[in-house]
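Biologist: I am new to this structure. Please pick one part, look at it closely, and then place it in its surroundings.

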Amino acid sequence: AAHPRIVAMTLGGEDFAMTVGMLPTAEGLFMPKQQLALAARAAGVMPLGFIGTVADYKDLEAFRKTVRFSRQLGFLGASVIHPSQVPILNEEFAPSAEEVEQARRIVAAYEEATAAGRGSIAVDGKMVDVPVVLRAEQLLRRHEAILARAAHARAAS
């Protein structure tokens, strides 16, 4: 929130760990990285990064799990140090086809319910109310933005 041109925040795990005298493990970085995600959200900017370190770039399955976990904690993307990690970031930070379809069902069911005067409903056996709908709408906007960016990149090449 310091300047309108700031669009994202990240925390260099290796640098942070060195500065505070700890090892850059996922366990040690969990709290500072989560604080970063919360601060970024509070400032209205994108939280970038993942819970862990960029240094272990050869174990791609472990990296995939780290990215998947980090997305669950609110991170939206990250930078990496090796090209082999880029496809994993793209796959794991993008909404899956299943998530997109579920979000569409949630939004459609909620619109139908509110038109009928109901405020909360169940979709796929789970309670749906305003925060769930807002999260579904946010996921759909992100999905559409990713599709638009991909189409723009294809057209430019």
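Modeller: Take Glu92, which is buried, with a relative accessible area of 10%. Here buried stands for under 20% relative accessible area, exposed for over 50%, and partly exposed for what lies in between (1.4 Å probe, protein chains only). The model is a predicted one, in which local features need pLDDT of at least 70 and side-chain atom pairs count only at pLDDT 80 or more, while totals for chains, interfaces and linings use all residues. Residues are numbered from 1 along each chain as its sequence is written, and side-chain values use heavy atoms, with hydrogens and water left out.

Glu92 meets the side chain of Arg68 in a salt bridge, at 2.7 Å from N to O. The pair ties together parts that are 24 residues apart in sequence, because Arg68 lies in helix 3 and Glu92 in helix 4 (residues 86-93). Helices (H or I, at least four residues) and strands (E, at least two) are DSSP runs, numbered from the N terminus. A salt bridge is counted when a side-chain nitrogen of Lys or Arg is within 4 Å of a carboxyl oxygen of Asp or Glu. Side chains of opposite charge can pair when their charged atoms come close.

About one helical turn separates Arg64 and Glu61, because they are three residues apart in helix 3 (residues 60-72). Arg64 counts as buried at 15% relative accessibility, whereas Glu61, at 51%, counts as exposed.

The whole structure has eight salt bridges. Another of them joins the side chains of Arg105 and Glu101, with 4.0 Å from N to O. Both residues lie in helix 5 (residues 97-115), four residues apart, or about one turn of the helix. Arg105 is partly exposed, at 34% relative accessible area, and Glu101 also counts as partly exposed, at 37%.

A nonpolar core is a set of buried Ala, Val, Leu, Ile, Met, Phe, Trp, Tyr and Cys residues joined through side-chain atoms within 4.5 Å. The largest one has 14 residues, and Ile106, Ile121, Val128 and Leu140 have the most contacts inside it. At least two of its residues come from each of helix 5, strand 3 and helix 6 (130-156). Helix 5 gives the most, with six residues. A second, separate core of 10 residues includes Leu36, Ala37, Phe63 and Ile88. As for Ile121, its contacts (heavy atoms within 4.5 Å) beyond neighbours within four places in sequence are Ala109, Tyr110, Ala113, Lys126, Met127 and Val128.

One backbone detail remains. Asp124 sits in the loop between strand 3 (121-123) and strand 4 (126-128). Its phi is near 55°, a positive value in a residue other than glycine. Asp124 counts as partly exposed, at 46% relative accessibility.
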